[in-house]
Amino acid sequence: MEKKKQAWIQSLQSVSEDLSEVEEPPSEPPGSGNSDPPAPRRSRPARPRPSARFPLNEKTNAFRRKYFPGVTVSQWNDWHWQVQNRLRTATALSRVLDLSQDERAALQRSSSRFPAAVTPYYASLLDGEDPLQPLRRSVIPVLDEFVPSPGEADDPLGEDHDSPVPGLVHRYPDRVLFLVTGFCSTYCRYCTRSRMVGHKGGHAGKKQWEKALAYIQETPSVRDVLISGGDPLTLSDDALEWLLQRLRAIRHVEFVRIGTKVPAVLPQRITGALVRLLRRHHPLWMSLHFTHPDELTPEARTACARLADAGIPLGSQTVLLKGINDDAATLKALYHGLLRCRVRPYYLYQCDPISGSAHFRTTVAKGLEIMEGLRGHTTGYAVPTYVIDAPGGGGKIPLLPDYAQGADGQDLVLRNYENRTFRYPGAFDRPSPAPSEPAPYRMAN
Ligand SMILES: *Cc1c(COP(=O)(O)O)cnc(C)c1O
Ligand code: SF4
């Protein structure tokens with residue numbers, strides 16, 4: 001057991017040393033740990049391997065046949081194969097997309113700054129002809145990425161400042177953000193952590209994990225650990241098991257959550273073995289990163305169903321992105337789709353002012369307008385909290401349309417989703433300031 005642990009830890013270490021060159025995920029060798037052992041030879045038909053039972057939507061299957069003709073369905077459904085065959089260069093991507101000049105030039109430049117990578121599966125969801133298709137814009141770089149705007153920064157949330165040890169952000173009193181890897185299977189061009197994601201040195205090695213675990217162990221106020229990255233679900237099963245076991249062994253850690261985009265970009269990762277592993281570490285919660293309803297394919301829905309069936313409460317996080325999902329109809333479709341997958345929309349983020357993100361950022365007025373378009377108009381569970389993660393490290397601050405209009409005498413004046421006015425009596429113990437003065441009262445959530 002100890003030997004095995006050493007082996008993966010070593011593979012993890014070697015990855016952390018030359019991530020920029022090899023860019024391999026910290027995982028066990030291909031084919032291992034992903035599925036059940038090969039079925040024994042028998043005369044009657046063998047039980048299909050779990051990977052073969054994974055769905056393959058029609059569009060994706062046509063893409064596989066066209067661009068990966070020698071690749072079998074079970075290879076395609078093996079997450080290791082997906083990771084190893086990611087499309088990362090202009091040459092690779094131009095095989096499957098008609099790249100614009102802008103995209104081509106950006107791909108040639110981005111390798112040094114924030115690399116590009118798209119799993120073959122996610123590439124199958126991209127529109128080959130239209131560079132403005134939402135999913136394509138979210139993962140294929142354009143030259144606007146290299147244009148800095150005032151107020152932008154590489155670490156706008158000041159995460160490095162709040163890190164007592166590298167890879168651990170302790171901003172709120174009772175919870176920490178544990179950045180366990182700098183690796184993602186697919187890189188979102190608007191990533192808040194592009195400073196540490198996909199780069200050499202951005203990857204947490206075992207030594208760094210030990211320091212973070214020691215800090216959590218020594219800090220009894222930490223009752224909630226959020227494992228993020230990078231994408232934690234790109235770690236091998238062994239690595240995840242090790243991490244979860246270590247966290248679980250800390251008495252004051254009441255619950256653990258994992259933030260991941262894997263169900264959207266690498267749904268094949270959600271294997272039977274993975275969910276069996278995860279369910280051993282309850283209470284475990286998950287926040288799934290989804291951007292657009294087009295991501296809710298049969299594959300992604302199956303991934304969510306497996307996680308939900310394992311008893312993991314699922315929330316979603318979405319970044320509000322100009323021209324990608326910045327209208328109420330698109331987000332409503334996404335949120336309705338997520339509820340059907342048993343995923344509760346958790347946060348809608350105003351896009352962080354990360355360097356070169358101006359082309360993705362909307363106004364706050366737009367975000368508030370979208371929130372107005374949701375609340376009351378659809379299921380309350382489909383309405384996330386709209387937040388700005390305050391630049392400089394103030395944490396998440398919720399924003400709400402002004403439903404509380406102010407005080408009139410002891411009444412609170414409210415307006416509903418249809419813009420009709422209502423009063424709530426006795427909201428204040430003493431008469432409020434004269435109506436001519438703007439009332440200072442604002443209701444948070
Ligand atoms: C988002 C975040 C958390 C978790 O916040 P919740 O509102 O509890 O989901 C914790 N720490 C940091 C640094 C974060 O950015
Ligand atoms: S999945 Fe998350 S960490 Fe990875 S590139 Fe996208 S936003 Fe960044």
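Visitor: How many C-beta neighbours does H199 have inside 10 Å, and what does it count as?
Guide: H199 has 18 of them, so it counts as partly exposed (buried is 20 or more other C-beta atoms within 10 Å, exposed is 12 or fewer, partly exposed is in between, with C-beta atoms placed from the backbone). This is a predicted model, where local features need pLDDT of at least 70, side-chain atom pairs count only at pLDDT 80 or more, and totals for chains, interfaces and linings use all residues. Residues are numbered from 1 along each chain as its sequence is written, while chains are lettered from A and ligands numbered from 1 in the order in which they are written.

Visitor: Where is H199 placed?
Guide: In the loop between β2 (175-179) and α11 (206-217); helices are DSSP runs of H or I, at least four residues, and strands are E runs of at least two, numbered from the N terminus.

Visitor: New topic: which residues are around ligand 1?
Guide: V169, R171, Y172, R175, L177, L226 and K396 (C-beta atom, placed from the backbone, within 6 Å).

Visitor: And which elements give two or more of those?
Guide: β1 (168-172) and β2 do, and β1 has the largest share, three residues.

Visitor: Which helix does α12 come within 10 Å of, axis to axis?
Guide: The axes of α12 (residues 237-248) and α14 (residues 272-279) come that close, crossing at roughly 5°. Axes are lines fitted to C-alpha atoms, for helices over the stretch in contact, and angles run from 0 to 180 degrees between N-to-C directions.
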